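Have the model open and try each task before reading on.

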Amino acid sequence: MKKRKQGRYTPEGLEKAVEAYFDMCKKTTAEAVSGRSVVQLSKPPTMEGLCTYLGLSFSTIRRYFNGEYPGEDEESRRRVADCMERARDYMTAETLEGALLGHYDSRICSMMLDGLGYGGKTAELKENKLTIEWKGVGAEEIKKWAE
């Protein structure tokens with residue numbers, strides 16, 4: 001993966017760089033085991049991969065989501081936030097579609113989606129006791145996870 005020089009992007013430059021990352025993912029293939037056969041899959045886009053490609057930290061990207069791009073005008077901040085939201089939506093769609101097609105392990109997809117802001121479980125530590133609440137997860141999936 002080509003690592004870009006870290007620096008400030010213009011809104012146009014950021015949009016082009018995000019598109020270039022997704023294009024790179026589509027063109028980069030890897031072997032994956034699906035059942036008993038080996039298949040060629042495109043590199044899945046991730047937020048961490050995008051951050052590395054752009055040479056920006058996740059906290060910087062998160063600030064961009066919140067409209068805190070250090071642009072000089074409101075239009076620049078809105079455009080960058082919109083670009084980041086579209087990138088997240090694309091990654092979410094790719095993750096969900098890959099999971100539905102059986103290309104990705106559901107536990108990894110759940111973790112990735114949690115990182116994109118879609119929660120499936122919550123954990124809480126009180127008085128040295130860990131409580132985990134699962135939402136939208138069946139008993140069979142919990143048993144598989146526990147094994």
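**Exercise 1.** Is Glu74 buried or exposed?

*Solution.* Glu74 has a relative accessible area of 55%. Buried means under 20%, exposed over 50% and partly exposed in between, with a 1.4 Å probe and protein chains only. Glu74 is therefore exposed.

Before the next task, a word on the basis: this is a predicted model, in which local features need pLDDT of at least 70 and side-chain atom pairs count only at pLDDT 80 or more, while totals for chains, interfaces and linings use all residues. Residues are numbered from 1 along each chain as its sequence is written, and side-chain values use heavy atoms, with hydrogens and water left out.

**Exercise 2.** Which parts of the chain does the salt bridge between Arg79 and Glu15 tie together?

*Solution.* First, the contact: the closest N and O atoms of Arg79 and Glu15 are 2.9 Å apart. Arg79 belongs to helix 4 (residues 74–100) and Glu15 to helix 1 (residues 11–27), so the pair joins parts 64 residues apart in sequence. As for accessibility, Glu15 is buried at 19%, whereas Arg79 is partly exposed at 26%. Now widen the view: Glu12, Glu15, Arg79, Asp82 and Arg86 are linked in a network of salt bridges. Seven salt bridges are found in the whole structure.

**Exercise 3.** Which element gives the most to the lining of the second largest pocket?

*Solution.* On a 1 Å grid over the protein atoms alone, a pocket is an open set of points with protein on both sides within 12 Å along at least five of seven lines, and lining residues have an atom within 4 Å of a point. The lining here has 15 residues, with Ser42, Glu94, Gly98, His103 and Tyr104 nearest the centre. Helix 1, strand 2 (37–42) and helix 4 each supply at least two of the lining residues. Helix 4 gives the most, with four residues.

How values were computed. Salt bridge = Lys/Arg side-chain N within 4 Å of Asp/Glu carboxyl O. 1 Å grid on protein atoms, 1.4 Å probe; cavity = no way out; pocket = protein on both sides within 12 Å on 5 of 7 lines; lining within 4 Å.
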